[in-house]
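Dear colleague,

I am handing over the structure below, together with some notes on what turned up when I went through it. Please keep it open beside this message as you read.

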Amino acid sequence: MLRFLSSLLVRPYRRKKPPSKTVAIVVPLSLRPELTPDEQVSMQHLLHFFGAYDKYLIAPRGLAVPYRGFGIKRFSRKYFGCGTAHNRLTYARSFYRAFQDYEFIFFYHLDSLAFSDQLPQWCKTDLDYIGAPWLPCADTPWVEKARVGNGGFTLLRVEAALKVLHNRYRKEPMQLWIDLVDRNARLVKPFVNFLRKLPIPQFGAVDRARARWDQIEHPTEHGLNNDLFWADQAIRYLPAFKVATVEEGLRFAFEAAPRICFEMNHYQLPFGCHAWGKFDRGFWEPHLLRTDERVGHPRPQVT
């Protein structure tokens, strides 16, 4: 029954018309109206290298953030405020449909840095997904096998993403309803708390609901982050989905262990990086734009 109902709600993906533009840069915001000092540095790198591109702030409804030089795509506030909330947004088909006029979206989180403009070259590849590789190292003890990659500084093909998400619901109908619960977590949480208090721990359905809720609330611990999905799982729903190799990923971006990445990349800086303030900040500080290089580029204005 669920499979039949899901098939009615989720039709096979059909592109209505070819995209008219190549790439949109998307910058997710938090619920805060102001940027932190590190976020301002990341923003200045973006403006310095990507000033001429279509750029969009991903903002919660009701937050006054009219930044100069950006379009604004607004979504429910339930998708903002923490990594779990953002994770829900990046599984939503409505998010990618908002950019169907573009071939690619380029995620630039405000803990990223760009060191050049290589977007045209990367958009000419046949890749569907590329980000900073994860490497087995002390910074990422959870990584067993090197692979691409992190979602904070990432290029993703819009049509491929929509095909994957449509196919996922058609292949696994229950996932449609799980995601619906996930996106309405605040409404569902009181009921889940009630289930947790029931003195019937061996009741299968209740036990499964409790376990699934823990996964929803803590996606990182259960391998449900969206970047893990694109890197490891998307190919299950679209066999042609092409993820970059580690070597390509290293030319694209670094994240953890940047000194190891630098050596592996033949002592060349990548296109950009993610989490520069978290992983070996001292490595990146010599590569930050000088103050005089930032002059003349519009600073984001908040009113």
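This is a predicted model: local features need pLDDT of at least 70, side-chain atom pairs count only at pLDDT 80 or more; totals for chains, interfaces and linings use all residues.

Strand 1, covering residues 21-28, and strand 2, covering residues 54-60, are paired in the parallel sense, with 5 bridges between them. Helix 2, made of residues 37-50, packs on the sheet and touches strand 1, strand 2 and strand 4 (102-108), while its direction makes about 145° with that of strand 4.

Taken as a whole, the sheet is an open one of 6 strands, arranged in the order 3-2-1-4-9-6 and with mixed pairing. Its edges are formed by strand 3 (71-75) and strand 6 (129-130), each of which pairs on one side only.

Turning to the aromatic residues, a search of the whole structure finds 30 aromatic pairs. One of them joins F106 and Y108, whose rings are 6.4 Å apart from centre to centre with 65° between the planes, an edge-to-face arrangement. F106 has a relative accessible area of 0% and is therefore buried, and Y108, at 0% relative accessibility, likewise counts as buried. The rings of F115 and W284, by contrast in geometry, count as stacked, because their centres are 5.3 Å apart and their planes lie at 15°. This pair links distant parts of the chain, for F115 belongs to the loop between strand 5 (112-114) and helix 5 (119-123), whereas W284 belongs to helix 13 (residues 281-284), and 169 residues separate them. Both F115 and W284 are buried.

There is also a cluster held together by ring pairs, whose members are Y56, F75, Y91, F95, Y96, F99, Y102, F107, F229, W230, Y237 and F241. F229, one of these members, has the charged end of R168 over its ring, 5.4 Å from the centre. A further placement of this kind involves K55, which lies over the face of F70 at 5.5 Å from the ring centre.

Finally, which cysteines might you wish to check, and how many disulfides does a search of the whole structure find? The search finds 0 disulfides. C261 is in no disulfide, and the nearest cysteine sulfur, belonging to C137, is 7.5 Å away, whereas a disulfide would need the two sulfur atoms within 2.5 Å. C261 counts as buried because its relative accessibility is 0%.

Definitions and conventions
Residues are numbered from 1 along each chain as its sequence is written. Side-chain values use heavy atoms; hydrogens and water are left out. Buried means under 20% relative accessible area, exposed over 50%, partly exposed in between (1.4 Å probe, protein chains only). Two strands pair if DSSP finds at least two bridges between them. Helices (H or I, at least four residues) and strands (E, at least two) are DSSP runs, numbered from the N terminus. Contact means heavy atoms within 4.5 Å. Axes are lines fitted to C-alpha atoms, for helices over the stretch in contact, and angles run from 0 to 180 degrees between N-to-C directions. Rings of Phe, Tyr and Trp (its six-membered ring) pair if their centres lie within 6.5 Å; planes under 30 degrees apart count as stacked, over 60 as edge-to-face and the rest as tilted. A charge sits over a ring if NZ of Lys or CZ of Arg is within 6 Å of the ring centre and within 35 degrees of the ring normal.
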